[in-house]
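Open the model in your viewer and keep the selection panel handy.

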Amino acid sequence: MRHLLDPLDFSVEETGDLLALADRIAADPTPYQNVCAHKKLATLFYEPSTRTRLSFEAAMLNLGGSVLGFASADSSSAAKGESVADTIRVISGYADIAAMRHPKEGAPRRAAHYSKIPVINAGDGGHQHPTQTLTDLLTIYRRKGRLDNMTIGLCGDLKFGRTVHSLIKSLCRYPGIRFVLISPEELRVPDYVISEAIAPAGIPYTEVTSLEDAMPELDILYMTRVQRERFFNEEDYIRLKDTYILTTDKMKLAKPDMAVLHPLPRVNEIALSVDDDPRAAYFEQAQNGVYVRMALIMTLLGLTDKEV
Ligand code: CP
């Protein structure tokens, strides 16, 4: 039995296979519509979500399976003090696979320890978000035709943005990658991401504060919102929240084939007028999340194209 708790749980080759399956599903989902008949997905969400929870549910329904779960800690027995370990022991008897989002870093890993079914980390605190990374990789691949030899700018809240940490970890495995880390001083990428991922891989990177200066060299711009829910005080959030706003004027500085990604939700960091720019890839990115999660559910349940 396998879980997906960290983006590195899948090798580069396995990640490539999963993205290829997601791409085949995107091209024609029809042959996959019954592959998970009689299988159940549990979505255990202790923190708010729109895309991750609903794209997991859409993915399982598209595969012919069923879904059950809860959308907040308040609507589960966590509100009465039940532990993650006890919850997953019980859910192991109700479902075939589980996706868990939790505000505490490491909670899905603890759940996996006690689980009899595959557990997927659907985001743990400010730590990791591996299924968002698979979604991001599929979007980059479908836009650029490759995952290597690119300059990738990550902009905004690089400290608390778990999607950023997971994407950096994963991309460090591809040749020719270079990072431009664009953030205010207070929201720099954590030291452990540099010392455990970027530095050991020998990946060139720069840390800068100006989005405008970075724009001309980027192949991918990954925008993020400032993560209000992880700040200790509201004053700091208010001071930092509008540091970066991507506008059509700033887009004029970018390469004609640059792609703008954002894990969403967007607050104020991308002007609505940018949505009409063909380089804006964030809504197709959200759609790719369904295909990638279909491929992931199949992979963790040991189902392949041969079953189709
Ligand atoms: N990208 C992402 O995780 O969105 P949600 O918080 O809506 O799931």
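Domain bounds here come from an automatic or database domain assignment. This is a predicted model, where local features need pLDDT of at least 70, side-chain atom pairs count only at pLDDT 80 or more, and totals for chains, interfaces and linings use all residues. Residues are numbered from 1 along each chain as its sequence is written, and side-chain values use heavy atoms, with hydrogens and water left out.

Colour two selections: domain 1 (7-127 + 289-300) and domain 2 (130-286). Their C-alpha centres lie 25 Å apart.

Where does the ligand lie? Both domains give residues to the shell around the ligand, so it lies between them.

Next, select that shell, using a cut-off of one heavy atom within 4 Å. Pick Ser 49, Thr 50, Arg 51, Thr 52, Arg 101, His 129, Gln 132, Pro 263 and Leu 264.

Now zoom in on the polar contacts (pairs of N or O atoms within 3.5 Å). Show the side chain of Arg 51: one of its N or O atoms is 2.9 Å from a ligand oxygen. The side chain of His 129 also has an N or O atom 2.9 Å from an oxygen of the ligand.

Finish with the ligand surface. Taken alone, the ligand exposes 250 Å², and the protein buries 91% of that (Shrake-Rupley method, 1.4 Å probe).

Technical notes:
A polar contact is a pair of N or O atoms within 3.5 Å; within protein, one must be able to donate a hydrogen and the other to accept it, and residues adjacent in sequence count only if both atoms are side-chain atoms.
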